[in-house]
Amino acid sequence: MFEYELQQIRSAELIREAQNHRLAQEALRGRRAARRAAARESGQNDTEGQSHSPRPRRHRFARAA
(Lines give C-alpha, C1' and ligand atoms only; values in the text may rest on other atoms or scores of the structure.)
Protein backbone atom coordinates (compact mmCIF):
# COMPACT_ATOMS: atom_id res chain seq x y z
CA MET A 1 0.00 0.00 0.00
CA PHE A 2 2.86 2.37 0.82
CA GLU A 3 4.48 1.84 -2.59
CA TYR A 4 1.17 2.60 -4.28
CA GLU A 5 0.87 5.91 -2.43
CA LEU A 6 4.44 6.82 -3.36
CA GLN A 7 3.68 6.03 -6.98
CA GLN A 8 0.56 8.21 -6.87
CA ILE A 9 2.53 11.10 -5.36
CA ARG A 10 5.26 10.74 -7.98
CA SER A 11 2.69 10.57 -10.76
CA ALA A 12 0.99 13.75 -9.56
CA GLU A 13 4.39 15.44 -9.29
CA LEU A 14 5.30 14.49 -12.87
CA ILE A 15 1.94 15.75 -14.13
CA ARG A 16 2.50 19.11 -12.41
CA GLU A 17 6.03 19.31 -13.82
CA ALA A 18 4.79 18.61 -17.33
CA GLN A 19 2.05 21.21 -16.98
CA ASN A 20 4.56 23.83 -15.82
CA HIS A 21 6.84 22.96 -18.72
CA ARG A 22 3.98 23.32 -21.23
CA LEU A 23 3.04 26.67 -19.71
CA ALA A 24 6.64 27.91 -19.96
CA GLN A 25 6.87 26.80 -23.60
CA GLU A 26 3.60 28.53 -24.40
CA ALA A 27 4.85 31.77 -22.83
CA LEU A 28 8.07 31.50 -24.82
CA ARG A 29 6.15 31.01 -28.07
CA GLY A 30 4.01 34.04 -27.22
CA ARG A 31 7.05 36.22 -26.59
CA ARG A 32 8.64 35.10 -29.87
CA ALA A 33 5.43 35.80 -31.79
CA ALA A 34 5.15 39.25 -30.20
CA ARG A 35 8.77 40.00 -31.08
CA ARG A 36 8.20 38.93 -34.70
CA ALA A 37 5.04 41.03 -34.93
CA ALA A 38 6.86 44.06 -33.52
CA ALA A 39 9.68 43.59 -36.02
CA ARG A 40 7.18 43.36 -38.87
CA GLU A 41 5.41 46.52 -37.75
CA SER A 42 8.61 48.50 -37.37
CA GLY A 43 9.85 47.39 -40.80
CA GLN A 44 13.02 45.71 -39.64
CA ASN A 45 12.59 42.78 -42.01
CA ASP A 46 14.15 44.73 -44.88
CA THR A 47 17.58 44.03 -43.36
CA GLU A 48 16.94 40.33 -43.08
CA GLY A 49 19.60 38.27 -44.81
CA GLN A 50 22.24 40.99 -44.73
CA SER A 51 25.48 40.46 -42.89
CA HIS A 52 26.62 42.50 -39.94
CA SER A 53 29.97 43.38 -41.50
CA PRO A 54 30.30 46.43 -43.78
CA ARG A 55 32.48 44.71 -46.40
CA PRO A 56 30.87 43.49 -49.61
CA ARG A 57 30.04 39.82 -50.03
CA ARG A 58 32.54 37.80 -52.02
CA HIS A 59 31.43 35.51 -54.80
CA ARG A 60 31.41 31.83 -54.05
CA PHE A 61 33.34 30.83 -57.16
CA ALA A 62 36.21 32.57 -58.94
CA ARG A 63 35.45 34.13 -62.31
CA ALA A 64 36.25 32.08 -65.35
CA ALA A 65 39.17 33.41 -67.42
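1. A residue is called buried when its relative accessible area is under 20%, exposed when that area is over 50%, and partly exposed in between, using a 1.4 Å probe and protein chains only. At 40% relative accessibility, Arg 32 counts as partly exposed. Arg 32 lies in helix α1.

2. The model is predicted, so local features need pLDDT of at least 70 and side-chain atom pairs count only at pLDDT 80 or more, whereas totals for chains, interfaces and linings use all residues. Residues are numbered from 1 along each chain as its sequence is written, and side-chain values use heavy atoms, with hydrogens and water left out.

3. Helix α1 has 41 residues and spans 60 Å from its first C-alpha to its last, close to the 60 Å expected at 1.5 Å a residue. The expected span is 1.5 Å times one less than the number of residues. Just after α1, Gly 43 adopts a positive phi of about 80°.

4. Of the 65 residues, 2% count as buried. The accessible surface, calculated by the Shrake-Rupley method with a 1.4 Å probe, is about 6,900 Å², and 53% of it belongs to carbon and sulfur atoms.

5. Phe 2, Leu 6 and Ile 9 make a nonpolar surface patch of about 320 Å². Patch residues have over 30% relative accessible area and no salt bridge; nonpolar side chains (Val, Leu, Ile, Met, Phe, Trp, Tyr) are joined within 5 Å and like charges within 9 Å. Ile 9 belongs to helix α1, residues 2-42.

6. Arg 29, Arg 31, Arg 32, Arg 35, Arg 36 and Arg 40 gather in a surface patch of positive charge. Lys and Arg count as positive, and Asp and Glu as negative; His and the chain ends are not counted.

7. Which residue forms a salt bridge with Arg 10? The partner is Glu 13, with the closest N and O atoms 3.1 Å apart. A salt bridge requires a side-chain nitrogen of Lys or Arg within 4 Å of a carboxyl oxygen of Asp or Glu. Because Arg 10 and Glu 13 are three residues apart in helix α1, about one helical turn separates them.

Definitions and conventions. Helices (H or I, at least four residues) and strands (E, at least two) are DSSP runs, numbered from the N terminus. The place of a charge is taken as NZ of Lys, CZ of Arg, CG of Asp or CD of Glu.
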